[in-house]
Structure formats: C-alpha cells, structure tokens
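Hello,

Here is the structure I promised to hand over. Please take a look, then read my notes below.

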Amino acid sequence: MKGKPTSYRHGHNLRSRLTSLEHRIKKLARVDENNCWTWTKGVREDGYGLMQWKGRTRLVHRVVYEAMKGAIERGLEIDHLCRNRACCNPEHMEAVSRKENVARAVAARAHRKNGNKYAHNYSEG
C-alpha cells in the first residue's frame with residue numbers, strides 16, 4: 001500500500017531489502033552536481049532526512065549506511081563528508097566518534113566562512 005511502511009518477515013533476504021531501499025532512494029532522493037543523494041521526502045528541522053523503515057521512523061542516512069556499509073559500531077556516529085545532512089549517498093558518509101564529527105563540522109564551517117562552498121575533498125581519507 002502506498003504510504004505504508006514496508007515490514008519484512010523473518011527469512012526475507014538482504015537483497016530484497018536492498019532492492020526496496022534502492023527503489024525508494026531513486027524515487028525520493030535528488031542527485032546534485034556533487035553526487036549528493038539529497039532526500040526530498042521527510043526532512044527534520046535540522047536537515048536530516050526521515051523515512052519509515054521496518055515499521056519505525058528512522059534517519060535515512062543511517063538506514064542507507066547500515067544497508068550498504070554495515071552496522072554502525074557503538075559509540076560512533078555518521079559524519080556527512082559532504083556536510084549535506086539530507087544526503088544519503090553512502091560514499092559521502094563515514095562512521096566516526098562524536099569528537100571527530102564535531103571537529104570536522106567546526107573545520108568545515110571555518111572553511112566555508114573563508115569562501116569555500118564545499119568543505120571536503122572526497123579523495124582524502
């Protein structure tokens with residue numbers, strides 16, 4: 001049914017979940033010139049995308065990261081290397097400590113303040 005969250009019974013394989021997720025991303029994200037997959041459906045006031053996944057409202061970037069890169073270790077959070085909170089491109093995400101994420105955000109703000117629109121070079125580690 002349209003608008004209803006998709007639930008999966010025990011035994012559905014990972015491929016079927018990824019196919020469903022890939023379909024939703026293609027339908028609800030816009031790819032920009034920096035290859036950000038910007039979520040366009042539900043977005044919180046702070047800019048993070050929201051979606052229904054497995055019967056719960058979840059942050060889109062975390063769902064995508066977990067589906068395509070694996071579990072997020074305890075104590076880590078997802079850093080958007082592109083600094084676009086609505087981006088759900090897993091290549092633009094890295095699991096880091098809170099301290100590292102905050103330090104990167106501060107550095108990115110300073111970088112933008114000096115006239116640079118984009119704060120990260122994707123060829124860097």
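This is a predicted model: local features need pLDDT of at least 70, side-chain atom pairs count only at pLDDT 80 or more; totals for chains, interfaces and linings use all residues.

Strand β3 covers residues 42–43 and pairs with β4 in the antiparallel sense, over two bridges. Five residues lie between the strands of this hairpin, and Gly47 takes a positive phi near 100° there.

β4 itself runs over residues 49–53. Its covered face holds Gly49, Met51 and Trp53. Leu50 and Gln52 make up the uncovered face.

On to the next partner. Strand β5, residues 56–59, pairs with β4 over four bridges, again in the antiparallel sense. Here Trp53, from the covered face of β4, stands opposite Arg56 in β5. The hairpin of β4 and β5 has two residues between the strands, and Lys54 takes a positive phi near 55° in it.

Most residues other than glycine have a negative phi.

Asn35 has a positive phi, near 65°. Its place is the loop between β1 (29–31) and β2 (37–39). Asn35 is partly exposed, at a relative accessible area of 40%.

Arg83 is not a glycine either, yet its phi is positive, about 70°. Look for Arg83 in the loop between β6 (76–80) and β7 (93–97). Arg83 counts as partly exposed because its relative accessibility is 23%, and buried would need under 20%.

Best wishes

How values were computed
Residues are numbered from 1 along each chain as its sequence is written. Side-chain values use heavy atoms; hydrogens and water are left out. Buried means under 20% relative accessible area, exposed over 50%, partly exposed in between (1.4 Å probe, protein chains only). Two strands pair if DSSP finds at least two bridges between them.
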